[in-house]
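Open the model in your viewer and keep the selection tool at hand. Each stop says what to select and what is there.

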Amino acid sequence: MIFVTGPLFAGKREYIRRTLGLSQEEFTRKAVWDVQELAAEVPDLSILAEKLSQKEIVVATETGGGVVPVDPRERAAREAAGRLACLLARRADAVVRVYCGLPQVLKGELPC
């Protein structure tokens with residue numbers, strides 16, 4: 001599994017499509033994205049991470065930057081998203097952070 005993360009609108013999807021030579025349809029079939037949104041609703045993040053790691057490509061938007069939310073539920077959701085990202089990175093064959101369209105391979109190698 002390839003785990004791709006980075007800020008909102010950083011070019012994560014476009015980078016992975018271009019790098020792996022995927023059409024939009026192929027990308028849609030092989031990938032799951034915005035997984036950080038799933039973390040807030042799940043009681044056991046390990047089970048979710050195991051399920052997501054069965055996909056070929058997993059994309060998450062980083063949620064740790066900026067002002068810490070005042071609302072306790074929003075803070076808990078942000079914490080859960082970060083924990084899920086750690087679990088996914090541990091399971092991934094490759095981890096790439098994309099910032100401003102520029103990739104930084106943090107773990108492994110991309111199968112180009």
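Predicted model: local features only at pLDDT ≥ 70, side-chain atom pairs only at ≥ 80, totals over all residues.

Now pick out the buried residues of α4, which are L45, L48, A49 and L52. Turn the view to look down the helix axis. Those buried residues fall within an arc of 100°, so they line one face of α4. Colour I47 and K51 next. Both are exposed, on the other side of α4.

Zoom in on L88. Beyond its neighbours within four places in sequence, L88 is in contact with M1, F3, V35, A49, L52, S53 and V58. Two of the residues in that list, A49 and L52, are among the buried residues of α4.

**The largest pocket**

Show the surface now. Rolling a probe the size of a water molecule over the atoms shows where empty space is left. The largest pocket has a volume of about 180 Å³. Its lining draws two or more residues from each of β1 (2-6), β3 and α5 (72-91). Which element gives the most to this lining? It is α5, with 6 residues.

Select T5, E62, A81, G82 and A85. Of the 16 lining residues, these lie nearest the centre of the pocket. Colour the lining by class: 8 residues are nonpolar, 6 are polar and 2 are charged.

**Strand β3 and T61**

Move to strand β3, residues 57-61, and select T61 in it. Is T61 buried or exposed? Its relative accessible area is 10%, under the 20% cut-off, so T61 is buried. Show what surrounds T61. Leaving out neighbours within four places in sequence, T61 is in contact with G6, P7, L8, K12, D34 and Q36.

D34 is not a glycine, yet its phi is positive, at about 55°. With a relative accessible area of 24%, D34 is partly exposed.

Now go to F9, in the loop between β1 and α1 (12-20). F9 also has a positive phi, near 60°, in a residue other than glycine. Is F9 buried or exposed? F9 is exposed, with a relative accessible area of 80%.

**Last stop: R75**

Return to helix α5 and select R75. R75 is partly exposed, at 38% relative accessibility. Not counting residues up to four places away in sequence, R75 touches V68, P69 and V70. R75 and A40 are 35 residues apart along the chain, and their C-alpha atoms are separated by 9.8 Å.

Conventions:
Residues numbered from 1 in each chain as written. Heavy atoms only, no water. Helix = DSSP H or I, 4+ residues; strand = E, 2+ residues; numbered from the N terminus. Buried < 20%, exposed > 50% of the residue type's maximum accessible area, 1.4 Å probe, protein only. Contact = heavy atoms within 4.5 Å. 1 Å grid on protein atoms, 1.4 Å probe; cavity = no way out; pocket = protein on both sides within 12 Å on 5 of 7 lines; lining within 4 Å. Points joined across faces, edges and corners; volume = space filled by probe spheres on them. Nonpolar A, V, L, I, M, F, W, Y, C, P; charged D, E, K, R; others polar. Arc of directions from axis to C-beta.
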